[in-house]
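Visitor: I have a chain open here and would like to go through it. Can you take my questions as they come?
Guide: Go ahead.

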Amino acid sequence: MTAVVPPADHAVPEHPYGTGIRVAAVPAGHVYVRYLSSRCDRGIYPGCPPGPDGCDGPDGCGGRHTGQPPGMLLIRPPGVYAPQGDTHLLVSCVCREPLHASSRVLDLCTGTGAVALAASGKGAQVTAVDLSARAVATAWLNARLHHRRIRLRRGDLLAPVAGQRFDLITANPPYVPAGTGTSAPGCGAALAWDGGPDGRLLLDRICRTAPRLLARGGVLLVVQSSLANVPATLTTLRAAGLRTTVVARRRQAFGPVMTARATLFERLRLIAPGEREEELVVVRGVRER
């Protein structure tokens, strides 16, 4: 198994799969393969008739009503955010957008590239950005695995695409509250989930700046946890001129990171004592003018 190491600057070559990226060998045991399923939860997608298990598996829609593929094989090396419930929820929403060959899509905080791949699978022209060199390399590798054309950029949110316009912008930023004294993003693997004191360190930046890069009629899709102040996302996007609504919700049990911070969340009154669940939401904003 191999992992790729991108150039030092933010520009990954624009050849379909990044010709010229340096390749370094990594022991196969250090690279993980994940399968992003196409499960769609009851009640999220209007008009999607539930099967016996709530539209899950062969007795449900299997993703047909969302346009989502049956599943997605992804390679993830250590240090890159593993596709989880938030990834799946955002992918499902992307698959509901009317994308075509001329659609310009920007995927922020791309990680493994799962969301970018979903948009590319609908024929869109996709640009994917991540601050992590390892994440950009992983997205490149997964694009090769799926034979997709994705333009990859390494950099800080919108900096690598300044001045460009997009019909759809997606974002799955770090949004886990880290408590006081954490005004900067985490380091190492924590960079993928630490969202500053209240979880809004990157969310606020995206809500303020991403609308400027939307074409008329363009859509912004942002996934986040209910612990990171969803009303603030709605308010900030509306102030930026977008018509906003919550288009998908999903409750899930805390994973290891959230469980480790449960006491902090209780102290911050983000959850009730003993509560160990969060609600994931996708906010959709539309630029109408």
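Guide: Helices here are DSSP runs of H or I with at least four residues, strands are E runs of at least two, and both are numbered from the N terminus. The model is a predicted one.

Visitor: Fine. How many helices and strands does the chain have?
Guide: There are seven helices and 11 strands.

Visitor: And what share of the residues is buried?
Guide: Of the 289 residues in the chain, 52% are buried.

Visitor: What about contacts, how many join residues at least 24 apart?
Guide: Taking contacts between residues at least 6 apart in sequence, 71% join residues at least 24 apart.

Visitor: Let's do helix packing. How do the axes of α1 and α2 cross?
Guide: Helix α1 covers residues 85–94 and helix α2 covers residues 114–121; their axes come within 9 Å and cross at roughly 20°. Angles under 35 degrees count as roughly parallel, so α1 is roughly parallel to α2.

Visitor: Is the crossing left-handed or right-handed?
Guide: The crossing of α1 and α2 is right-handed.

Visitor: Which residues make the contact?
Guide: From α1 they are Thr 87, Leu 90, Val 91 and Val 94, and from α2 they are Ala 114, Val 115, Ala 118 and Ala 119.

Visitor: How do those divide into nonpolar, polar and charged?
Guide: Seven residues of the α1 and α2 contact are nonpolar, one is polar and none is charged.

Visitor: Switching to charges. How many salt bridges are there?
Guide: The count is nine, taking a side-chain nitrogen of Lys or Arg within 4 Å of a carboxyl oxygen of Asp or Glu.

Visitor: Start with Arg 205. What does its side chain meet?
Guide: Arg 205 forms a salt bridge with Asp 156, at 2.9 Å from N to O. Arg 205 sits in helix α4 (residues 201–209) and Asp 156 in the loop between β7 (150–154) and β8 (166–171), so the bridge ties together parts 49 residues apart in sequence.

Visitor: Which residue pairs with Asp 204?
Guide: Its salt bridge is with Arg 200, at 2.8 Å from N to O. Asp 204 is partly exposed, with a relative accessible area of 22%, whereas Arg 200 is buried at 4%.

Visitor: And where does the pair of Arg 243 and Glu 288 sit?
Guide: Arg 243 is in strand β10 (residues 242–253) and Glu 288 is in the segment after β11 (277–287), 45 residues apart. Their side chains meet in a salt bridge of 2.5 Å, N to O. Arg 243 is partly exposed at 47%, and Glu 288 is partly exposed at 48%.

Visitor: Which residues are joined into a network by salt bridges that share partners?
Guide: Arg 251, Glu 275 and Glu 277 are joined into one network that way.

Visitor: Last topic, Leu 280. Where is its place?
Guide: Leu 280 is in strand β11. With 0% relative accessibility, Leu 280 counts as buried.

Visitor: What does it touch?
Guide: Leaving aside residues up to four places away in sequence, Leu 280 touches residues including Gly 85, Asp 86, Leu 89, Tyr 175, Gln 224, Ala 248 and Arg 249.

Visitor: How far is Arg 249, C-alpha to C-alpha?
Guide: The C-alpha atoms of Leu 280 and Arg 249 are separated by 5.6 Å, and the two residues are 31 residues apart along the chain.

Notes
Residues are numbered from 1 along each chain as its sequence is written. This is a predicted model: local features need pLDDT of at least 70, side-chain atom pairs count only at pLDDT 80 or more; totals for chains, interfaces and linings use all residues. Side-chain values use heavy atoms; hydrogens and water are left out. Axes are lines fitted to C-alpha atoms, for helices over the stretch in contact, and angles run from 0 to 180 degrees between N-to-C directions. Angles under 35 degrees count as roughly parallel, over 145 as roughly antiparallel, 65 to 115 as roughly perpendicular and the rest as oblique. A crossing is left-handed if the near helix is turned anticlockwise from the far one by less than a right angle, and right-handed if clockwise. Contact means heavy atoms within 4.5 Å. Ala, Val, Leu, Ile, Met, Phe, Trp, Tyr, Cys and Pro count as nonpolar, Asp, Glu, Lys and Arg as charged, and the others, Gly among them, as polar. Buried means under 20% relative accessible area, exposed over 50%, partly exposed in between (1.4 Å probe, protein chains only).
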